[in-house]
Amino acid sequence: MAEWVRVADVADCAEDGCLRAVRGNGEAIVLARWEGEFFALEDCCSHQDFPLSDGELENGRIECVFHGAKFDVRTGKAVQLPALKPVRTFPVEIRGDGVFVQIE
Ligand code: FES
């Protein structure tokens, strides 16, 4: 059953371009902030399981620093090789000063 889990404070990811590794219910999640919105994706590149939280967020895409694959921060879709498969995304809500992610 899906559950909303507080994974961070808004202040933990205060600026656009922020990527932060968090955990929720045992899931490794990368929290991203882009154009004032928060996004949450599986913190694991679909190419070779490298943490996306070690990468960079530019132009709405997270770049994996290992081999340069890029993922759309909104959809998790792979938009640059060598990754072909998307990464999972999670719904995000801001409640007060907290960032909550919905996890199955
Ligand atoms: S592990 Fe991410 S591009 Fe290869």
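Me: Where does Pro82 sit?
Reply: In this predicted model, Pro82 is in the loop between β8 and β9 (89–90).

Me: And the peptide bond from Leu81 to Pro82, cis or trans?
Reply: Cis. Omega is near 15°. Most peptide bonds are trans.

Me: Next, Ser46. Which loop?
Reply: The one between β4 (37–42) and β5 (56–58).

Me: What does Ser46 touch, leaving out residues up to four places away in sequence?
Reply: Phe71, Ala83, Lys85, Pro86 and Val87.

Me: Which backbone oxygen lies 2.5 Å from a polar atom of the Ser46 side chain?
Reply: That of Lys85.

Me: Moving on to Gly76. Buried or exposed?
Reply: Gly76 is buried, because its relative accessible area is 0%, and the cut-off for buried is under 20%.

Me: Where is Gly76 in the chain?
Reply: In the loop between β7 (70–72) and β8 (78–80).

Me: What are the contacts of Gly76, again without residues up to four places away?
Reply: Leu41, Phe71, Pro86, Val87 and Thr89.

Me: How far is Gly76 from Glu27 in space?
Reply: 16 Å, C-alpha to C-alpha. In sequence, Gly76 and Glu27 are 49 residues apart.

Me: Now phi. What is the value for Asn25?
Reply: Near 50°, which is positive, in a residue other than glycine. Most residues other than glycine have a negative phi. Asn25 lies in the loop between β2 (19–24) and β3 (27–34). Asn25 is partly exposed, at 48% relative accessible area.

Me: What about phi of Asn59?
Reply: Also positive, near 50°. Asn59 is in the loop between β5 and β6 (61–63). Asn59 counts as exposed, because its relative accessibility is 67% and the cut-off for exposed is over 50%.

Me: Zooming out. How many helices and strands?
Reply: Zero helices and 11 strands.

Me: How compact is the protein chain?
Reply: The radius of gyration is 13 Å, close to the 13 Å that the globule rule gives for 104 residues, so the chain is as compact as a globular protein of that length. The C-alpha atoms fill a box of roughly 40 × 30 × 20 Å along the principal axes.

Me: What share of the residues is buried?
Reply: 40% of the 104 residues.

Key
Residues are numbered from 1 along each chain as its sequence is written. This is a predicted model: local features need pLDDT of at least 70, side-chain atom pairs count only at pLDDT 80 or more; totals for chains, interfaces and linings use all residues. Side-chain values use heavy atoms; hydrogens and water are left out. Helices (H or I, at least four residues) and strands (E, at least two) are DSSP runs, numbered from the N terminus. The radius of gyration is taken over C-alpha atoms; the globule rule is 2.2 Å times the number of residues to the power 0.38. Buried means under 20% relative accessible area, exposed over 50%, partly exposed in between (1.4 Å probe, protein chains only). A polar contact is a pair of N or O atoms within 3.5 Å; within protein, one must be able to donate a hydrogen and the other to accept it, and residues adjacent in sequence count only if both atoms are side-chain atoms. Contact means heavy atoms within 4.5 Å.
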